[in-house]
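Hi there,

Here is the structure I promised to pass on to you. Have a look at it first, and then read my notes below.

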Amino acid sequence: MNGQRSSEVPLKYGVPQGSVLGPVLFTVYTLPLADVIAKHNLGFHFYADDTQLYLCFDPSQPSSTSNSLNSLAACIDDIRTWMAANFLKLNDDKTNLLVMGKPSVIQRLERLTLKIGSASISPVESARNLGVIFQSDLSLDDHISSTVKSAYFQLHNIARIRACLDKDTTSKLVHAFVTSRLDFCNSLLTGLPACAIRRLQLVQNSAARLVCRERRSCHITPLLADLHWLPVKQRIDFKVLSLTFRSLHSMAPAYLSDILPHQAKHRTTRFSESNSLQIPRTNLKSFGDRAFSSYAPKAWNSLPTCVRTSPDLTSFKRNLKTHLFRTAFSGSL
């Protein structure tokens, strides 16, 4: 400042908050945690300072339940030991235990308790995961309610100044504060009942009427087509199919590419057939059919050949949006 430099201070531990290299250095610093968790044969995901552990157990067998909890507790103890030795601290109060499954099965489970340090953690009905509210039954009703509430709040604020804005500026505000909320992690909404998706669609309908300054009684389909907005259902398919294209072309994380079925092999030499994907069998329509490994191949195989054979991601998104737009508004164009 003013041509003067402050004195240098050696930083032995940690990284400066807000630095450009901070997230990268923290990720490298905590990388040995993966080896600690792998010793207990648990699934895991890291995102910055957020650590998630996964395991499956058979609730009909008490021994399986107790063994799973013991493995989870032992893994957390080892994590605590490693963190203490590396100048980090495990926050017991912010640790959640979420049991996912069919509601009828979860209700039959005995009271579960996970001992973490001096705290006893009991299962919660819902937990926030990187901005998404997960529920034990995977219904995502709480997440949809939260999204709808925040989106309507933003629409109300934009409506208060709508008279001072032109159509283009209002559309930009709606995309920044409303559409971004509808699109955030919307690939998780695949396979949900139409009544759940309709709640989000009503938000988009209100946003379109606000941009076009139309009344509630105005038919919404021509407005969405005029604005060139994909409906919520098609926006979800757009996100899933974009992830599918990335997975098939080694542009997605390995955990997505690994669970996507390999391309099917047919006797015919037609490229349209060889470019299709195998659809795995699922037991539960409410869970299995919603999985990325099941929903993505079905949606991918339904695409025209000209869309699936797009040479790059940019052209694929352009062709995909055109296809979904025609599908959504074929009767009104």
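In this predicted model, let's start with a pair of helices: H5 (residues 141-160) packs with H7 (residues 194-212) at an angle of about 10 degrees, and their axes lie 10 Å apart. An angle under 35 degrees counts as roughly parallel, so that is what H5 is to H7. On the H5 side, the residues that meet H7 include Ile144, Val148, Ala151 and Leu155. From H7, Leu200, Val203, Ala207 and Leu210 are among the residues that take part. Sorted by type, the residues of this contact are 13 nonpolar, three polar and two charged.

Next, the largest nonpolar core. It has 51 residues, and Leu189, Trp229 and Phe316 have the most contacts inside it. Among the elements giving two or more residues to this core are strand E6 (132-135), H5, helix H9 (232-248) and helix H14 (313-328), while H7 gives the most, with nine residues. If you click on leucine 189 and leave aside its neighbours within four places in sequence, you will find it in contact with Leu140, Ile144, Ile197, Leu200 and Ile236. There is also a second, separate core of 16 residues, which includes Leu33, Leu72, Ile76 and Ile121.

Finally, why is H12 largely enclosed by the rest of the structure? Because seven of its ten residues are buried. Phe292, Tyr295, Pro297 and Trp300 are among these buried residues of H12. The buried residues of H12 pack against H9, helix H10 (254-259), helix H13 (305-308) and H14.

Enjoy exploring!

Best wishes

Key
Residues are numbered from 1 along each chain as its sequence is written. This is a predicted model: local features need pLDDT of at least 70, side-chain atom pairs count only at pLDDT 80 or more; totals for chains, interfaces and linings use all residues. Side-chain values use heavy atoms; hydrogens and water are left out. Axes are lines fitted to C-alpha atoms, for helices over the stretch in contact, and angles run from 0 to 180 degrees between N-to-C directions. Helices (H or I, at least four residues) and strands (E, at least two) are DSSP runs, numbered from the N terminus. Angles under 35 degrees count as roughly parallel, over 145 as roughly antiparallel, 65 to 115 as roughly perpendicular and the rest as oblique. Contact means heavy atoms within 4.5 Å. Ala, Val, Leu, Ile, Met, Phe, Trp, Tyr, Cys and Pro count as nonpolar, Asp, Glu, Lys and Arg as charged, and the others, Gly among them, as polar. A nonpolar core is a set of buried Ala, Val, Leu, Ile, Met, Phe, Trp, Tyr and Cys residues joined through side-chain atoms within 4.5 Å. Buried means under 20% relative accessible area, exposed over 50%, partly exposed in between (1.4 Å probe, protein chains only).
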